[in-house]
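Here is a short report on one chain.

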Amino acid sequence: MTANTTDERAIVWFDIDNTLYSASTKISQAMGERIYAYFLSLGLEKTEASELHLQYYTKYGLAVRGLTRHHDVDPLDFDQKCDGSIPLESMIKYSPELRKLFQDIDRSKARVWALTNAYKTHAGRVLRILGLEDQIDGLVFCDYQQPDFVCKPESEFYQMAMKQAGVPSPSKCYFVDDNRGNVDAARAQGWAHCAHFCEVGLEAMEGGRLKEIGEERSNDRPENDGVAIIGNLEELRRIWPEIFKSE
């Protein structure tokens, strides 16, 4: 999905996984288990599979990028067997409050796009279940069909997103993501309004390792480098009142 012309309105970028739904759903754990099983299906020993899962996630941003580079894996086969096999319909559900939040964004002032490291199939499933398909103006995803595809937090991904959406300046960008590294990367690109969605105390899986959310937060950051930290998407009304409809 690509914008045909430059649009002077602001643009609100929403991450999808562990942002539009809570980490309490344990979807990241379901993903991690399936990715680990995929490594094992390649004939790797358990220890090597676990270590490579973390190594590829850390080095490339996504395990699938390491798999395609070093194991000649078909990324669409990976997507079908990993993200595609997760029973999302029984793990997340439609939220009228979330839909109302999206409806209350003033579309005369801002567009709403999704920005995800998932492939379009998974992204579409989540948006459909949450009842947000008609609330999203565009989707930027990791295109597994492209050789050497990019992903967050690489600078090229944010630049591609702006080009795809026809955004004239990073000062127009609002962004919310559950991964602090992705948020910091957006700030480095000049994205002016960034929020870190941080459900402190819950657990999520990254690179096959379970971690407590909030561990990466640092009190050394001066005022969090201009990044707002929120634990509920409803807080966006407070930190970004200028993009919402007046009551």
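Buried residues make up 49% of the 247 residues in the chain. Buried means under 20% relative accessible area, with over 50% counted as exposed and the range in between as partly exposed (1.4 Å probe, protein chains only). The model is predicted: local features need pLDDT of at least 70, side-chain atom pairs count only at pLDDT 80 or more, and totals for chains, interfaces and linings use all residues. Residues are numbered from 1 along each chain as its sequence is written, and side-chain values use heavy atoms, with hydrogens and water left out.

**Fold and core**

The chain has 9 helices and 8 strands. These are DSSP runs numbered from the N terminus (helices H or I, at least four residues; strands E, at least two). The radius of gyration is 18 Å, close to the 18 Å of the globule rule for 247 residues, so the chain is as compact as a globular protein of that length. That radius is taken over C-alpha atoms, and the rule is 2.2 Å times the number of residues to the power 0.38. The C-alpha trace spans about 60 × 40 × 35 Å along its principal axes.

Of the contacts with a separation of 6 or more, 72% join residues 24 or more positions apart. Contact means heavy atoms within 4.5 Å.

The largest nonpolar core holds 77 residues, and Trp13 and Trp191 touch the most other members. Helix 1 supplies the largest share of this core, 6 residues. Such a core is a set of buried Ala, Val, Leu, Ile, Met, Phe, Trp, Tyr and Cys residues joined through side-chain atoms within 4.5 Å.

**Pockets**

A pocket is an open set of points on a 1 Å grid over the protein atoms alone, where a 1.4 Å probe fits, with protein on both sides within 12 Å along at least five of seven lines; lining residues have an atom within 4 Å of a point. Volume is the space filled by probe spheres set on the points.

| Pocket | Volume | Lining |
|---|---|---|
| Largest | about 740 Å³ | 36 residues |

Met31, Tyr57, Gly61, Leu62 and Asn117 lie nearest the centre of the largest pocket. Helix 1 gives the most to its lining, with 5 residues. The lining has 15 nonpolar, 14 polar and 7 charged residues.

Ala, Val, Leu, Ile, Met, Phe, Trp, Tyr, Cys and Pro count as nonpolar, Asp, Glu, Lys and Arg as charged, and the others, Gly among them, as polar.
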